[in-house]
Amino acid sequence: MITATSKQVFSQKYLIMNIALIGYGRMGHEIETIAIKRGHVIKLIIDQDNTGDLNAVNLNWIDVAIEFSTPDTAYHNIIKCLENKVPVVCGTTGWLDNYENAVNACRQYSTSFIHSTNFSIGVNILFMLNKELAKQMNRFGEYKVTIEEIHHTKKLDAPSGTAITLANGISSNHSEYEGWCFDKERNSNRIPISSVREGTVPGTHTVMWDSDIDSISLIHEAKNRRGLALGAVVAAEFIYSKKGIFTMNDVMGF
């Protein structure tokens with residue numbers, strides 16, 4: 001059941017934060033724009049040319065770090081912030097083999113951490129609906145599920161973290177499925193995911209349940225990156241004064 005209204009999720013209560021942006025590509029620029037519009041200060045920007053500036057001296061002035069870098073650098077960046085008791089919002093995927101280590105570091109240094117494969121408010125509503133549909137489909141064995149994700153050609157990982165989260169949401173709520181596989185490696189008890197890379201597509205995710213008589217689909221199509229950026233800033237506003245490990249379900253009030 002949804003317990004938070006959209007007004008509650010997006011409200012700020014006149015909060016002003018000093019933010020460190022780690023990763024200054026297209027997402028970093030979108031986050032910067034939205035954070036400033038919401039009254040926050042971008043106190044530190046870290047990109048590939050100044051990684052040494054992510055240090056204790058500079059982090060001393062930071063209320064929260066928003067990390068959207070690369071799979072190869074994300075874990076190091078997260079640990080550096082947590083060691084300096086700076087809360088971290090991380091949207092980088094492809095590094096999650098080290099997720100539990102990051103969780104342990106967060107607890108060790110008594111700060112806060114949230115990771116999401118997708119901070120978009122709309123996508124997190126999709127995650128919730130996806131789980132509920134999987135529960136219902138568990139009663140109807142004639143339907144088989146597939147996932148397709150489409151992204152721009154510069155996206156580094158495939159399948160997307162969002163697609164994997166959707167697959168995990170299905171397999172945890174449907175007795176027939178145990179994880180996912182690439183579409184070309186189809187297995188009867190795994191959810192096939194197809195990844196398409198084309199143009200500048202921000203992200204389209206489709207979950208389709210297909211039978212001989214009909215199909216049911218859930219589709220989320222991002223029109224731009226603003227939804228992701230807004231969700232990341234809202235998540236930062238949510239965790240910066242808290243301690244612990246959080247998810248977007250906490251932010252959304254699901």
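Colleague: In which helix does Thr162 lie?

Modeller: This is a predicted model: local features need pLDDT of at least 70, side-chain atom pairs count only at pLDDT 80 or more, and totals for chains, interfaces and linings use all residues. Residues are numbered from 1 along each chain as its sequence is written, and side-chain values use heavy atoms, with hydrogens and water left out. Helices (H or I, at least four residues) and strands (E, at least two) are DSSP runs numbered from the N terminus. Thr162 belongs to the run of residues 161-171, which is α7.

Colleague: Is Thr162 buried or exposed?

Modeller: Buried means under 20% relative accessible area, exposed over 50%, and partly exposed in between (1.4 Å probe, protein chains only). Thr162 has a relative accessible area of 3%, so Thr162 is buried.

Colleague: How many disulfides does the structure hold?

Modeller: A disulfide is a pair of cysteine sulfur atoms within 2.5 Å. The number in this structure is zero.

Colleague: Which cysteine has the sulfur nearest to that of Cys106?

Modeller: Cys106 is in no disulfide. The nearest cysteine sulfur is 12 Å away and is that of Cys81.
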